[in-house]
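Here is a briefing on one protein structure. Look over the sequence and the fold, then read the points by topic.

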Amino acid sequence: MQNLFDFALATPEIVLLVLTGAVLLIDAFGNEPTRRMTFMLTMGTLLVTILVSWGQWGEATQGRTFSGLYVADPLGHFLKILSAIAVGVTLIYGRAYAEKRDMVARGGEMYSLALLTLLGVFVMISAGSMLTVYLGVELMSFALYGLVALRRDHLASTEAAMKYYVLGCLASGILLYGMSMIYGATGQLGLVEIAQVIRDGGADRMPLVFGVVFIVSGLAFKMTAAPFHMWTPDVYQGAPTTVTLLVGSAPKFAAFVITLRLLIEALHGIAVDWQPMLLILAVLSLAVGNIVAIAQTNFKRMLAYSTIGQMGFVFLGLMSGVYEGQAGASAAAYGSSLFYVVIYVLTTLSTFGLILLLSRQGFECEEITDLKGLNRRNPLLAGVLLLSMFSLAGIPPLSGFYAKLVVLQAVVGAGHIWLAVFAVMCSLIGAFYYLRVVKTAYFDEPEDAVTLGAGTLATRGVMSLNGLLVIGLGILPGGLMSLCVDVIRQSLTF
């Protein structure tokens with residue numbers, strides 16, 4: 001159902017915007033003791049946003065509003081809650097790191113920009129039009145550009161910010177050009193209306209196909225897929241680790257949702273044109289990410305290439321959902337990709353959270369050799385590291401194994417057996433560099449005798465819960481998997 005101006009549907013965004021403005025004002029005009037409260041105000045904002053998004057989950061709060069620019073559905077509610085949780089966990093892990101490096105000494109810019117990033121994520125998640133998609137992309141991207149450059153006196157961060165900005169603007173331009181061609185071919189900006197024009201045969205096919213090429217290219221950049229991955233290793237390595245974790249968590253949900261809404265909802269009628277593109281992206285991402293990661297000695301850079309390889313599995317699920325007249329099979333394939341993204345973000349929070357907790361004043365835990373003897377110095381962090389690496393490698397019974405399994409089932413079900421074999425072979429290659437990290441942490445002699453703490457009680461608790469979820473969702477994945485399939489089935493029309 002579509003309402004012209006139903007502000008109630010957009011309550012999460014309105015609440016987040018108002019509270020973010022309040023945090024900005026209090027931080028800007030408050031004195032030093034007041035500024036120290038910025039972190040607590042930010043966490044309060046995230047908590048209220050989570051509760052509001054949770055309260056929106058129901059049939060009474062579903063529909064389209066603002067002339068179709070905004071859509072409220074179960075998929076949006078689900079990922080908004082997860083995105084806000086991811087940002088909250090990031091800030092819990094990264095608070096001490098940021099304070100030791102004077103990232104919040106002059107005020108709470110980091111917290112304000114993190115909330116604006118989340119607002120951009122929310123807009124992207126609920127986009128019902130190409131106009132809203134682009135608005136959300138730019139809001140999220142510019143906040144992230146500022147966060148990457150937050151350490152203005154740090155050469156690596158400045159260089160990473162410049163690369164991210166230039167390549168990000170190029171990708172946004174490619175995405176916008178593709179949208180303009182889609183508009184020219186269909187005469188519509190709304191995603192539902194575009195799908196209807198394509199179904200009725202009223203679209204000009206030539207510009208439509210060219211537009212899809214540009215849109216897939218722009219989405220591949222946001223999803224860090226090869227060959228549009230050039231920015232990822234440099235930004236992951238050069239950005240402050242708190243920002244690296246923010247870049248690698250909640251924005252992945254947003255990029256995944258706009259991929260679903262643009263390709264699956266709006267352009268499903270020409271899936272025969274974009275399906276081969278996703279196949280190429282999947283193959284290249286799996287190959288480039290896993291092979292190049294072997295040569296990396298920097299832990300953050302290795303995880304960047306790991307991300308590229310992991311996104312290959314996401315594209316495998318998306319390209320396997322194209323079934324004629326089999327909506328149930330399509331929903332299962334798209335649900336497997338959604339499940340994979342959720343597990344990926346969960347594992348990313350633990351891996352980069354470990355780097356944040358192991359970094360201390362004057363020391364950046366970035367090289368793999370910095371993890372030597374971790375088990376002797378802090379068994380809790382070593383245990384979480386082991387679970388995270390095994391999960392990324394796809395070793396049972398961890399959640400990463402089940403995530404890979406359901407995607408491979410979708411690929412085989414779509415008849416791409418050779419592609420499933422290729423993905424398994426790439427995963428075996430990836431297991432080498434993941435196990436190398438575990439070997440370093442458990443079997444190498446530590447280079448110093450510094451006792452490592454795990455931060456405050458809050459960070460230890462969150463890290464422990466993070467590790468338990470990594471293994472718990474592998475042993476009992478059915479509930480989350482069913483939820484992922486259900487929200488896809490209830491929210492998308494294909």
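A salt bridge here is a side-chain nitrogen of Lys or Arg within 4 Å of a carboxyl oxygen of Asp or Glu. The model is predicted. By that rule, the structure holds 12 salt bridges. The largest nonpolar core has 161 residues.

**Salt bridges**

- Lysine 163 and aspartate 234 meet through their side chains in a salt bridge, at 3.2 Å from N to O.
- Lysine 163 belongs to helix H7 and aspartate 234 to helix H10, so this pair ties together parts that are 71 residues apart in sequence.
- Lysine 163 also forms a salt bridge with glutamate 159, at 3.0 Å from N to O.
- Both lysine 163 and glutamate 159 sit in helix H7 (residues 155-186), four residues apart, or about one turn of the helix.
- Lysine 163 is partly exposed at 30% relative accessibility, glutamate 159 is partly exposed at 41%, and aspartate 234 is partly exposed at 23%.
- Glutamate 265 and arginine 261 form another pair, at 3.8 Å from N to O. The two lie four residues apart in helix H12 (residues 250-266), and both are buried.

**Helix H10**

- Helix H10 spans residues 231-238, and six of its eight residues are buried, so the helix is largely enclosed by the rest of the structure.
- The buried residues of H10 are Trp231, Thr232, Pro233, Val235, Tyr236 and Gly238.

**Nonpolar cores**

- In the largest nonpolar core, Leu267, Trp274, Phe299, Leu316 and Leu338 touch the most other members.
- Helix H15 (residues 327-358) gives the most to this core, with 18 residues.
- Apart from this core lies another, of five residues, among them Leu9, Ala10, Phe66 and Ala72.
- Tryptophan 274 lies in helix H13 (residues 271-293) and is buried, with 0% relative accessibility.
- Beyond four places in sequence, tryptophan 274 is in contact with residues including Val212, Val216, Leu263, Leu318 and Tyr334.
- Tryptophan 274 and arginine 95 are 42 Å apart in space, C-alpha to C-alpha, and 179 residues apart in sequence.
- Leucine 316, beyond four places in sequence, contacts Ala282, Leu286, Val407, Val411, Leu419 and Ala423.

- Buried or exposed: which is threonine 117? Threonine 117 is buried, with a relative accessible area of 1%.
- Threonine 117 lies in helix H5 (residues 109-125). Beyond four places in sequence, threonine 117 touches Met140, Ala143, Leu144, Leu147, Leu246 and Pro251.
- Serine 350 lies in helix H15 and is buried at 0% relative accessibility.
- Beyond four places in sequence, serine 350 contacts Val384, Ser388, Met463 and Asn466.
- Cysteine 426 is buried at 5% relative accessibility, and cysteine 484 is buried at 0%.
- With a cut-off of 2.5 Å between cysteine sulfur atoms, the count of disulfides is zero.

**Surface patch**

- Val412, Ile417, Val421, Val424, Met425 and Leu428 form a nonpolar patch on the surface, with about 540 Å² of accessible area together.
- Helix H19 (residues 417-443) supplies the largest share of this patch, five residues.
- Methionine 425 is in helix H19 and is partly exposed, at 47% relative accessibility.

Key: Residues numbered from 1 in each chain as written. Predicted model: local features only at pLDDT ≥ 70, side-chain atom pairs only at ≥ 80, totals over all residues. Heavy atoms only, no water. Buried < 20%, exposed > 50% of the residue type's maximum accessible area, 1.4 Å probe, protein only. Patch = residues over 30% accessible without salt bridge, like charges linked within 9 Å, V, L, I, M, F, W, Y side chains within 5 Å. Areas by Shrake-Rupley, 256 points an atom, 1.4 Å probe, with all protein chains shown as cover. Core = buried A, V, L, I, M, F, W, Y, C linked by side-chain atoms within 4.5 Å. Contact = heavy atoms within 4.5 Å.
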